[in-house]
Amino acid sequence: MLMKSKHKLSRRGWLKRSLAMAIVAGAVALTAPAQANDTIKIGFSMALTGGLAGAGKGALIAMQVWAEDTNAAGGLLGKQVELVYYDDQTNPANVPGIYTKLLDVDDVDFVVSGYGTNLIAPAMPIVMQRGLVFPSLFGLAVNEKFNYPNYFQIMPAGPEPLTDWSKGFYSVAMAQDPPPKTIALVGADAEFAKNAVKGARIQAEELGLEIVYDESYHPKTPDFTPIVNAIQARNPDMVFVGSYPPDSVGMVKAATEVGLKTKIFGGGMVGLQFASIMTALGPKLNGIVNYDFWVPEPTLKFEGVEAFLAKYQKAAEGQGVDPLGYYLQPYAYAYLQVLGQAITATNSADHAVIGEYIRNNSFDTVVGNVSFAPNGEWAKTRVLMVQYQGIEDNELATFTKAGTRVVLYPEEWKSGTVNYPYAE
Amino acid sequence: MFSVELLVNALIAGVLLGGFYAAVSLGLTVSFGQLNIVNIAHPAFIILGSYIAYMCNSLWGLDPILTGIIFIPVFFLIGAGAYRLYYESFERKDDEALRGLAFFFGVMFIIEVALIMVYGVDFRTVQASYIGQSWKAGGIGVPTRMFVPFCVAIAMFTAVYLYMSRTFNGRAIKAVAQDRLALQLMGADPVKIKQLGFGISIGTAALAGALLIIIIPVEPSVGRLYIGQVFAIAVLAGLGSIPGTLVAGLILGIAESLVSTFFGPSWAPAVAFGILLAALAFRPQGLFGR
């Protein structure tokens, strides 16, 4: 029965009501039509605006492709899947509120993480307190301090993410004759980059390399020429960089302009995997050895990955996101595949049961066979070290071809040999 | 580690970076310093300029700087229109302090959201023959990606400075926030003068945006990162001083570059803002303020 208010609303009352309506309208706009009982709701925050939005929006499209595929195949536990998500604006401070709302107001059945270390860590206390299964998307060493058993991270960093991340970089370098003796370490003063450089530092010390430069920089540094000049003055054999997309571009441009002379350059530069940045830098990328997770090399044609990419690339048209979707997108699809396969296999929505199943089984996904170590990272590292080779133009089609990003490490997935040194 | 070569390279990099800093701060010096309008949307206008340079570069291969110059009149008209709206809505009612600030916050978000809707959130860059090149003599290098924007910045400063100091309207812009009544007695309409000044302020954003996208890749929200830096330079300059803005930009650029080269890049922002704090402590009116 419709009830009418008997009282004239005060200005404060109007404000409260307007605010409530705005929140409700926002929630409705951001979620698919709510159907309380016949859907399985999966909630998450995602960087749809702000610094990580380029990757975040791409991840969201991949997740929507998974939801469509899953629903077309009959859903999970006989119910349709519904994604409920909010924009965290690439702001870690927004994350706890979003997950609290997802769980207490939207009443989601499962939560998965947003994209990136900085935006995963703030959700951990909430999911741990409630004992939830928490598939996570590209967090580096997030669970190192939490030790939460139901955390499952899809980025193939490996059981020792700090050091596994850069293991391939050292493996490629130390196999050369003579092996390098000195290294420069430089990274952004932010969570991921600090972890990447920390891991690189640990390994440099273990290998007995002399660290001749070890500095961090503020993430909004516009020009990297002074940093590259300072590195060049130390004449290191290796230069390991932990950087975010704008810094990676600045670092590559500065290295090209200064004429950086070193034997191996790269390591942990985020952004060089993105189509817009690859096409912007073009031939300047040649010779850089950098991490990657999937490239169109013949050794990495996992079942379903090309079909997924075709769907993603169609959905991404005109969305202003990465048109190729090689980097993060297959993993955004795969972490939901893991959750979906576990729910189906256990025929349960019980988090303890599903968590136990994921810990003890492996999963066939579009990124290959995945199993998890006790700390929730991949049981075995598959951080690829690729080298940009033979790039002669800035065309997008160039980067869809095999041979432009040759896999050097791990041996199991190797597709070519290294061009060494980077520049002399 | 010290060498003369490293010092010279650091100074060159600092001067070039400083010129760029000054270019992105020039518009704010005019609006904030001379017109007393706290336009916190200025970095968003700069990003808009970057996207226009990107669009013309990717569609027609136009040089980003040429695009910036072509779009100065368009941005001037946008600025003049924005000021008129601001004046009618807030300033005329003496309501500009807080609501005016909210207005420019709103403008900033509208520009960001519009760019996200049109271009998405991916990073955008431009191609030009001088990007990625470097002039070298011995161990000294001058990256043309920084040198060309520096030269354009100097040209823009010279043009704005000459206009402001040699023309009646330019001098009126400098006077309008100081003594409106005196300006009216000189036969000038303060509202039109502020409209002209704000148009110039936003006009510089077209070119500054083109310079920005030459140096770094942009995405719609990247302007927020530089709000602090841009305001710091305008304040250090002595609000309203055009030569001061250039000097302040150069001081910050050189300080950042020297610290980054010899003491580590993590100290660079702290030293730059330390200079601002020291200047405010010993010369609160700024370097060139009266």
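**Close-up views of a predicted two-chain model**

**View 1. Surroundings of Tyr331(A).** Tyr331(A) touches Leu137(A), Phe138(A), Ile154(A), Met155(A), Phe293(A) and Val367(A), leaving aside residues up to four places away in sequence; two residues are in contact if their C-beta atoms, placed from the backbone, lie within 7 Å. The model is predicted: local features need pLDDT of at least 70 and side-chain atom pairs count only at pLDDT 80 or more, while totals for chains, interfaces and linings use all residues. Residues are numbered from 1 along each chain as its sequence is written, and chains are lettered from A and ligands numbered from 1 in the order in which they are written.

**View 2. The largest nonpolar core.** A nonpolar core is a set of buried Ala, Val, Leu, Ile, Met, Phe, Trp, Tyr and Cys residues joined through C-beta atoms within 7 Å. A residue is buried if 20 or more other C-beta atoms lie within 10 Å of its own. Among the 250 residues of the largest core, Tyr331(A), Phe20(B) and Leu211(B) touch the most other members. Domain 1 (35-156 + 307-370) and domain 2 (161-300 + 381-413) of chain A both contribute residues, so the core lies between them; the domain bounds come from an automatic or database domain assignment.

**View 3. Helix 9 of chain A.** Helices are DSSP runs (H or I, at least four residues), numbered from the N terminus. Eight of the 10 residues of helix 9 of chain A are buried, so this helix is largely enclosed by the rest of the structure. The buried residues include Thr225(A), Pro226(A) and Ile227(A). Just after the helix, Asn235(A) takes a positive phi of about 55°.

Definitions and conventions
Buried ≥ 20, exposed ≤ 12 C-beta atoms within 10 Å, placed from the backbone. Helix = DSSP H or I, 4+ residues; strand = E, 2+ residues; numbered from the N terminus.
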